[in-house]
Amino acid sequence: MSQSQNQSPLWLTSHIWTERPVSEEKTMDAEHQALAETFQQAFDTAEYLRYNYTYPRADFTKEDSFCVWTLKTLHKAFTEGDIKGGVLLDVGSGPTIYQVMAACEIFDKVIMSDFLEANRNELRNWLENNGKCSLDWSPFFKYACKLEGREASAWEEKAARLRKVVKDVVHVDVHLPQPVSTDVVPPEGADCILSCFCLDCACLNMSIYSRDLGHVVSLLKPSGHFLIIGSVGMTYWCGGPKAKLPTYPITEAEICERLSENGLSLIRLEIYPLTKKAEITDDARAIFFAKAKKN
């Protein structure tokens, strides 16, 4: 597996936005720097997984639970017959693998990525099957098998398939014009890009969100598919007991606008309303899924 490419802060912007006053830019840089330091020091991989990917969010007895909805939505997206190709890039994987469980049946090469070394190590621990993982992913694999019409007992076979097709775990920084090393995806771009809960957690305002989305889309080949899952109306999220981090509360309309202005044609937008707030993790009012295609 690749080693860390560099350690630039997640929220540290690297360019001067000429449309903003210099004083505002300096203030924004200072805010990003402070958040980057908090994020790097306080993010707790194990607690993040416990917060978001165990009961009640991961209740596989309920068809409308959050993790069930996510697996069903991604399964549908990847089995509609229009997504094809050789390379899928997962941008901002975090410490999770659920998002590529459906994709691994279509692609022979999956590249996972994250900003934090701790998250990349968590992914490597699972890939190496060394017993050091912070979460048991077998319930997710069993439900993914169910969606594919397979017996739950086939989950180990599916896990082996995923371990085979994930070819690398790399460093990513969506704030940079080249978010990953130039040798990560082919010169023409990836066939498909997937990104779950990355941009909405990394961006403090709409201009940065749109700019960083453009950075990510630049890694996608023309006519390639772009799949994104994120939070709606979220003003903060928690990466651990000591990591409560502010974000930009994007709306459904803004999601569509940002995709369009970055050269993507929206195929479908789906909304999962959060009727029960989970303030311990975030204050999102809904989760969105968007499937789009690069023009």
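**Figure 1. Overview of the chain.** This is a predicted model, in which local features need pLDDT of at least 70, side-chain atom pairs count only at pLDDT 80 or more, and totals for chains, interfaces and linings use all residues. Residues are numbered from 1 along each chain as its sequence is written, and side-chain values use heavy atoms, with hydrogens and water left out. The accessible surface of the chain is about 12200 Å², and carbon and sulfur atoms account for 52% of that surface. Of the 295 residues, 57% are buried (under 20% relative accessible area, 1.4 Å probe, protein chains only). The chain holds nine helices and nine strands (DSSP runs numbered from the N terminus: H or I of at least four residues for helices, E of at least two for strands).

Figure 2. Helix 2 spans residues 45-53, and seven of its nine residues are buried. These are T45, E47, Y48, L49, Y51, N52 and Y53. Their cover includes helix 3 (66-78), helix 4 (117-128), helix 5 (138-147) and strand 6 (236-238).

**Figure 3. The N-terminal end of helix 2.** D44 caps this end, with a side-chain oxygen 3.2 Å from the backbone nitrogen of A46 (a polar contact is a pair of N or O atoms within 3.5 Å; within protein, one must be able to donate a hydrogen and the other to accept it, and residues adjacent in sequence count only if both atoms are side-chain atoms).

How values were computed
Buried means under 20% relative accessible area, exposed over 50%, partly exposed in between (1.4 Å probe, protein chains only). Contact means heavy atoms within 4.5 Å. Accessible areas come from the Shrake-Rupley method with a 1.4 Å probe; for residues, only the protein chains shown count as cover.
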